[in-house]
Every structure is written in structure tokens, then in C-alpha cells.
Amino acid sequence: MPRPRAQVPPLTAADLQFDRGTVIAFDIESRAMVVETVDGGDLAYQVLDGVQGFSSLKVGDKIEVRFYRIVDVLVAKTSPQVRNQVRPLLQDANLAPDIPGTKFKTRLWGATGMATRVDVAGRRIDVAQGGVIYRAPTIRTDVGFAALKTFKPGDMVTLLFTERTAVELKPMP
């Protein structure tokens with residue numbers, strides 16, 4: 001019998017963002033980088049294969065980055081059915097959303113644990129998992145937001161998101 005699958009929302013033009021900042025860390029092998037943005041926050045990015053300039057980055061470089069923001073794929077109270085939806089999504093990269101204009105798919109990540117704070121107005125939730133409290137990214141989809149509105153502290157919840165994915169880097173003066 002086939003397992004139920006979550007409906008995976010596609011990334012859209014509305015999810016394409018720009019930011020500027022200073023490279024504070026990067027790893028060529030894993031294609032990850034962290035940028036201190038001009039707004040003062042640190043953001044981590046997964047960088048697509050073929051993005052020009054990534055292999056020549058140095059700590060301290062000032063860059064403009066074009067990226068697809070994090071989008072919620074699944075926001076639900078934890079249950080056996082939800083676990084059955086998440087497992088194949090995390091195990092099969094082909095089920096992840098396409099990155100528009102490329103042949104690539106975004107990566108997925110998630111958290112399962114106890115809701116500690118539910119911020120409906122801010123569209124956010126904090127989840128305790130294994131002794132660590134994760135502040136989830138903004139819940140963007142209507143389906144995710146509808147689920148978020150049903151949560152209360154103490155509920156066991158499962159969250160699945162796309163990674164922030166850099167598609168273009170430009171040096172800044």
C-alpha cells in the first residue's frame with residue numbers, strides 16, 4: 001500500500017529574495033555559507049552547483065546574494081500518518097520542490113518536538129527537540145498557517161521546510 005505524501009508547495013517568484021552582506025564562513029565541500037547581512041543578522045545559505053564566484057569566496061568578502069527563501073512544506077501535529085508523510089520527503093530528494101529556472105531541487109530539513117511558543121501573529125513557532133529549542137522560520141503557506149493556528153504549547157508538532165538556497169552571488173565594492 002503506498003504511503004500518503006504531503007503536498008509539496010512549489011517555490012515561486014515571490015520566494016526569490018535579495019540580500020547584501022559580508023561572508024563570515026563558508027564550506028566549499030558542502031556548498032554552504034553564512035553571511036552577516038547589512039541588517040545585522042546572520043543567514044546561512046545552501047549554494048547551488050554552478051553558482052559563479054562561490055569557489056573563490058573569502059571570509060570578509062562583501063556580496064549581494066540572490067536566493068530562494070525558506071518555505072514551509074509541512075506543518076502538522078505529530079502523528080503516525082505525519083511521520084509517514086515526512087519520511088519519504090526526507091529520504092527522496094526527487095520529492096523536494098524544484099528551484100525555478102534550474103535543473104535542481106531544494107533540500108529539505110525539519111524538526112519534530114514539543115511546541116514551546118506559538119506566535120500566530122508572527123506566523124512562527126518554537127519547538128523543543130532533544131534539549132535544543134528551534135525557532136522555526138516564518139510559516140508562509142496558507143495550509144501551514146491554518147495548522148499553526150491549531151497549535152498550543154505542549155503539542156507535539158512536526159515541521160518541514162526548504163533550505164535557503166543561493167542561486168547568484170555578486171561581489172560588492
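The model is predicted, so to speak of local features takes a pLDDT of at least 70 and side-chain atom pairs count only at pLDDT 80 or more, while totals for chains, interfaces and linings use all residues. Residues are numbered from 1 along each chain as its sequence is written, and side-chain values use heavy atoms, with hydrogens and water left out.

Helices (H or I, at least four residues) and strands (E, at least two) are DSSP runs, numbered from the N terminus. Five strands, in the order β5-β9-β6-β7-β8, make up an open sheet with antiparallel pairing; to pair, two strands need at least two bridges found by DSSP. At the edges sit β5 (72–77) and β8 (132–135), each pairing on one side only. From one strand to the next, the twist averages 35° (axes are lines fitted to C-alpha atoms, for helices over the stretch in contact, and angles run from 0 to 180 degrees between N-to-C directions). Strand β7 (residues 124–129) is joined to β8 by 4 bridges, and Asp126 has Arg135 in β8 as its bridge partner. Helix α1 (residues 80–91) packs on the sheet and touches β5, β6 (108–119) and β9 (156–162), where contact means heavy atoms within 4.5 Å.

Now for Thr78, which lies in the loop between β5 and α1. Thr78 counts as buried because its relative accessibility is 19% (buried is under 20% relative accessible area, exposed over 50%, partly exposed in between, with a 1.4 Å probe and protein chains only). Its side chain makes a polar contact with the side chain of Thr158 at 2.8 Å; such a contact is a pair of N or O atoms within 3.5 Å, and within protein one must be able to donate a hydrogen and the other to accept it, with residues adjacent in sequence counting only if both atoms are side-chain atoms. A polar atom of the Thr78 side chain also lies 3.1 Å from the backbone oxygen of Val157.
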